[in-house]
Number of protein chains: 2
Amino acid sequence: MMHQISSSPFNNAVEKLASLPGIGNKTALRLVLQLLNREGFEIEEFGKAFVDLSNQIQYCNSCFNISDTETCSLCSNTSRNNDVICVVENILDVIAIEKTNQFQGKFHVLGGIISPMEGIGPNDIKIPELIERITNTKPKEIIMALSTTMEGDATNFYIYKKLAHLDVEVTTIARGVGIGDEIEYTDELTLGRSLLNRIPFQNTLSLR
Amino acid sequence: MMHQISSSPFNNAVEKLASLPGIGNKTALRLVLQLLNREGFEIEEFGKAFVDLSNQIQYCNSCFNISDTETCSLCSNTSRNNDVICVVENILDVIAIEKTNQFQGKFHVLGGIISPMEGIGPNDIKIPELIERITNTKPKEIIMALSTTMEGDATNFYIYKKLAHLDVEVTTIARGVGIGDEIEYTDELTLGRSLLNRIPFQNTLSLR
């Protein structure tokens, strides 16, 4: 039990920071003390950034990426391929995939995955919007790029079934031994999947 | 270089969180995304906590501890001893010392330590206020409880000299091998200090 400071604005700020995942009460205390070393207007600007976040945040009306404009820069980029949509959980995944420079299609950000444990059903995330988008824009391929967890698998399967009656190919990103990883330290599930989904060696030559 | 999201409220919130010590850009991104999963009013309250912190934070006019009242609960507690003032760097130290239940005097929170490297001089922290407080209230003892760093030592020495002409004893907390620490793993400076400042064994018996 932490000894409490008799200041409600202080304790309230500590509590808010400690509500973030991975930030404990003691770290939050230190961070608020560090904030208090700054000028008053800087602390105020710190807070206003989150008030603004709550009031001004907008999502792309097509892919649900975070965007200041109605349609995000990725969706409005005409040099990108409309025929392929990559389905991801959140914008961190968009960033990670964009960094590879290996994908020139469009994205669809679900904003979560199906998780009965946390009470998140298909209609709580952008799955109905995905189905509608695919029905309307008729892309050729949907790449599922969700985490390999039970929730990710369930989401994959749900979307796959929902798309069965539409003329669209559903693929998932390859799972296997990471580049630079040692075979002996790779977990058996991943190594097994790597063996099962092996590809002709000459297919890898163009990637060098 | 992190791929940027084209949303200024989002990027601004990430930047503010990343300005806190120990929170990198990627962690800040994750935390803001986590915040965005909350209801709008909750995000707003998160921000308002820091706006309030900036506008409403008050310090005890005697010891400079954070307090909602003009004089903090420790300073206004009449059962505490006015004759001993423990000088600390920040309120985390007050909390740590209070937890020991070994100190019944008053505190003085400097709000920092002298650090020429960071441009912090004696007048940037509550040293003038400490001298004035001691001159006015004439306590018998000042316990210096600052970190054993170059900056802590410099601050100790500066205050010690400033108090030389006043009739007050200046002590510092004991340095030595921590309780539960193994002798063989204790650094030589600490172990040396432990030997130098050894005390009669019978003095420790009352602590058992």
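This is a predicted model: local features need pLDDT of at least 70, side-chain atom pairs count only at pLDDT 80 or more; totals for chains, interfaces and linings use all residues.
View 1. The contact takes 44 residues from chain B and 43 residues from chain A. On the side of chain B that touches chain A, four helices each supply at least two residues: helix 1 (8–18), helix 2 (25–36), helix 3 (40–56) and helix 4 (91–100) of chain B. Helix 3 of chain B gives the largest share, 13 residues. By residue class, the side of chain B that touches chain A divides into 23 nonpolar, 13 polar and eight charged residues.

**View 2. The axis relating chain B to chain A.**

**View 3. The open sheet of chain A.** Four strands form this sheet, in the order 2-1-3-4. Their pairing is parallel. Strand 2 and strand 4 (169–172) of chain A are the edge strands, and each pairs on one side only. Neighbouring strands are turned by 25° against each other on average, direction ignored.

**View 4. Strand 1 and strand 3 of chain A.** These two strands run parallel and are joined by four bridges. Strand 3 covers residues 141–144. C86(A) has I143(A), in strand 3 of chain A, as its bridge partner.

**View 5. Helix 4 of chain A on the sheet strands.** Helix 4 of chain A lies across strand 1 and strand 2 of chain A. Its angle to strand 1 of chain A is about 125°.

**View 6. F64(A), a buried loop residue with positive phi.** F64(A) sits in the loop between helix 3 (40–56) and strand 1 (81–88) of chain A. Its phi is near 70°, a positive value in a residue other than glycine. F64(A) counts as buried because it has 22 C-beta neighbours inside 10 Å.

**View 7. N101(A), an exposed loop residue with positive phi.** The loop between helix 4 (91–100) and strand 2 (105–109) of chain A holds N101(A). N101(A) is not a glycine, yet its phi is positive, at about 60°. With 7 C-beta neighbours inside 10 Å, N101(A) counts as exposed.

Terms used
Residues are numbered from 1 along each chain as its sequence is written. Chains are lettered from A and ligands numbered from 1 in the order in which they are written. Copies are superposed by least squares on the C-alpha atoms of residues with pLDDT of at least 70 in both. A residue is buried if 20 or more other C-beta atoms lie within 10 Å of its own, exposed if 12 or fewer, and partly exposed in between; C-beta atoms are placed from the backbone. Two residues are in contact if their C-beta atoms, placed from the backbone, lie within 7 Å. Ala, Val, Leu, Ile, Met, Phe, Trp, Tyr, Cys and Pro count as nonpolar, Asp, Glu, Lys and Arg as charged, and the others, Gly among them, as polar. Two strands pair if DSSP finds at least two bridges between them. Axes are lines fitted to C-alpha atoms, for helices over the stretch in contact, and angles run from 0 to 180 degrees between N-to-C directions.
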